[in-house]
Amino acid sequence: MTIDSRQVAANMLDAVPFARTLGLEFVEVAPEADGGVRAVVRLPDSPATHNHVGGPHAGAMFSLGETASGAVVLAAFGQLLDRAVPLAVRGEIAYRKLAMGPVLATARLGRPAREVIEELASGGRPEFPVQVEIATEEGKPTSAMTVIWTLRPN
């Protein structure tokens with residue numbers, strides 16, 4: 001699988017204007033050895049996104065993680081956009097440690113892409129998880145998130 005990370009980032013920023021509002025930066029979108037996809041998205045440190053203790057607001061962190069998961073979905077299934085619409089079904093986040101400064105969300109596809117594509121091809125509406133870890137730039141994990149996505153057939 002070949003992924004044009006610049007194109008995925010541009011498509012995400014076009015499709016999700018809120019990602020631009022937050023100033024999200026697409027660091028990497030790449031295939032993984034097992035046929036999966038990984039995306040890394042950065043939320044810069046900005047007073048506009050701070051909470052009451054000076055770190056990134058929970059809503060900004062959720063949006064960061066959901067955006068990283070969307071980049072994974074677009075990279076893995078973008079070739080199917082003429083047949084299906086990707087939709088986030090639900091998301092859950094656990095805020096584990098106080099985050100300060102810029103944070104990075106690393107998202108990974110939680111189900112083999114080929115299984116999802118086969119289910120769609122057989123007439124199903126597949127659901128699949130994307131796991132996201134949010135950490136400081138120094139690599140200290142602060143949050144864990146799972147976003148369940150579906151491909152709704154057109």
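This is a predicted model: local features need pLDDT of at least 70, side-chain atom pairs count only at pLDDT 80 or more; totals for chains, interfaces and linings use all residues.

Me: Which helices each supply at least two residues of its lining?
Reply: The lining is made of N11, M12, A15, V16, G70, V73, L74, L81, P86 and W149. Two helices each give at least two of the lining residues: helix 1 (5-15) and helix 3 (58-77).

Me: And by class, how many charged residues does that lining have?
Reply: Among the lining residues are M12, L74 and W149. By class, eight are nonpolar and two are polar. The count of charged residues in the lining is therefore none, as Asp, Glu, Lys and Arg are what count as charged.

Me: Over to the surface. Which residues form a nonpolar patch there?
Reply: One member, M100, sits in the loop between strand 3 (84-95) and strand 4 (103-109). M100 has 40% relative accessibility, so it counts as partly exposed. Together the patch has about 270 Å² of accessible area, and its residues are V53, L98 and M100.

Me: Now the charges. How many salt bridges does the count come to?
Reply: Side chains of opposite charge can pair when their charged atoms come close. The cut-off here is a side-chain nitrogen of Lys or Arg within 4 Å of a carboxyl oxygen of Asp or Glu. By this rule the count is eight.

Me: R108 and E32 form a salt bridge; how many residues apart in sequence are the parts it ties together?
Reply: The side chains of R108 and E32 meet at 2.9 Å, N to O. R108 lies in strand 4 and E32 in the loop between strand 1 (25-31) and strand 2 (37-43), so the parts tied together are apart in sequence by 76 residues.

Me: E32 also pairs with R38. Is R38 buried or exposed?
Reply: The R38 to E32 salt bridge is 2.9 Å, N to O. R38 has a relative accessible area of 17%, and the cut-off for buried is under 20%. So R38 is buried.

Me: What about E137 and R42: which of them counts as buried?
Reply: Their side chains meet in a salt bridge of 2.5 Å, N to O. E137 lies in the loop between strand 5 (127-136) and strand 6 (141-153) and R42 in strand 2, so the pair ties together parts that are 95 residues apart in sequence. At 41% relative accessibility, E137 counts as partly exposed. At 18%, the one that counts as buried is R42.

Me: Last one: which residues do salt bridges with shared partners join into one network?
Reply: E32 has a salt bridge with R38 and another with R108. Through shared partners, one network joins E28, E32, R38 and R108.

Technical notes. Residues are numbered from 1 along each chain as its sequence is written. Side-chain values use heavy atoms; hydrogens and water are left out. On a 1 Å grid over the protein atoms alone, a cavity is a set of points where a 1.4 Å probe fits but cannot get out, and a pocket is an open set with protein on both sides within 12 Å along at least five of seven lines; lining residues have an atom within 4 Å of a point. Helices (H or I, at least four residues) and strands (E, at least two) are DSSP runs, numbered from the N terminus. Patches are made of residues with over 30% relative accessible area and no salt bridge: like charges are joined within 9 Å, nonpolar side chains (Val, Leu, Ile, Met, Phe, Trp, Tyr) within 5 Å. Accessible areas come from the Shrake-Rupley method with a 1.4 Å probe; for residues, only the protein chains shown count as cover. Buried means under 20% relative accessible area, exposed over 50%, partly exposed in between (1.4 Å probe, protein chains only).
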